[in-house]
Amino acid sequence: MSNPYNTKVPADRLIEKNTGLVKKYAYFYAGRVQKAAEVEDLLQVGMMGLIEAAHKYENREGVAFESYARMRIKGSIVDYLRKISNLCRTTVKQKQNTDKAKRILELKLGRIPDADEVAKELKITSVELSRWEQNFAANQNQSIDEVTELYGDFIFSVEPNVEDKIFNGELKKYLRQAIGQLTKQQILVIELYYVKELNVYEIAEILSVSTGRVSQIKSAAIAALREKIELEIA
């Protein structure tokens, strides 16, 4: 007796039925990397991911093509964005150090530090700091990993109504509301990790806690955010 799950579905049918996913992902990432990539390029890359998925997919129980295609499309676009990114390792490190210095000074001084104070904390000249910040301004791309970690569970949901709400901008509203309900410590960790782009070791140093504690706070905050948002968009 033949197994219906091993029946090969024509690739062209799979592609035609799921081209909407390519558009959603292309526009989603284009809106978050700003001018780093043209949406037309992301559409093309995403379509290549869909085509590859359609030709490699085998119809098996528990493995829906749509879920498989989502991973392939998203993976193709993310890989492309990482390849074209001109934000070099040196600039990334400089930005991390600058953000860390600003945060440390803000905690020490009780106010936002000026450029000279930040430069002194970094042990560089004000001219060097200005040059660094020009490089930062030229590369205002949101981290792809940040997008995936914060929004991934909702982006890859199989529920169309959830995706519609995300792309209509409702998720941002719910996220802001949910963040407001976190503890001050959780908000601070979220800000330092996702906005300031500090790692857990740097955050641990600022807060005078262990790296394990930082990870616990971050995990608890993300869990709370997801729980609150799921209640809103369910």
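With which residue does Arg-103 form a salt bridge? The partner is Glu-106, and the closest N and O atoms of the pair are 3.6 Å apart; a salt bridge is defined here as a side-chain nitrogen of Lys or Arg within 4 Å of a carboxyl oxygen of Asp or Glu. The structure is a predicted model, in which local features need pLDDT of at least 70 and side-chain atom pairs count only at pLDDT 80 or more, while totals for chains, interfaces and linings use all residues. Residues are numbered from 1 along each chain as its sequence is written, and side-chain values use heavy atoms, with hydrogens and water left out.

Arg-103 and Glu-106 are three residues apart in helix 4, and are therefore separated by about one helical turn. Helices are DSSP runs (H or I, at least four residues), numbered from the N terminus. An α-helix has 3.6 residues a turn, so residues three or four places apart point the same way. Arg-103 is buried, with a relative accessible area of 11%, whereas Glu-106 is partly exposed at 32%. Buried denotes under 20% relative accessible area, exposed over 50%, and partly exposed the range in between, computed with a 1.4 Å probe on protein chains only.

In total, the structure holds eight salt bridges. One of them joins Lys-100 to Glu-205, with the closest N and O atoms 3.0 Å apart. Lys-100 lies in helix 4 (residues 89-109) and Glu-205 in helix 11 (residues 200-207), so this pair ties together parts that are 105 residues apart in sequence. Lys-100 is buried, its relative accessible area being 18%. A further salt bridge is formed by Arg-111 and Glu-117, whose closest N and O atoms are 2.8 Å apart. Here Arg-111 is partly exposed, at 39% relative accessibility, and Glu-117 is also classed as partly exposed, at 23%.

Buried positions in helix 2 are Val-39, Leu-42, Val-45, Gly-46, Gly-49, Leu-50, Ala-53 and Ala-54. Among these, Val-45 and Gly-49 are touched by Ser-76, not counting residues up to four places away in sequence; contact means heavy atoms within 4.5 Å. Ser-76 is placed in helix 3 (residues 65-84) and is buried, with a relative accessible area of 19%.

Notes
Helix = DSSP H or I, 4+ residues; strand = E, 2+ residues; numbered from the N terminus.
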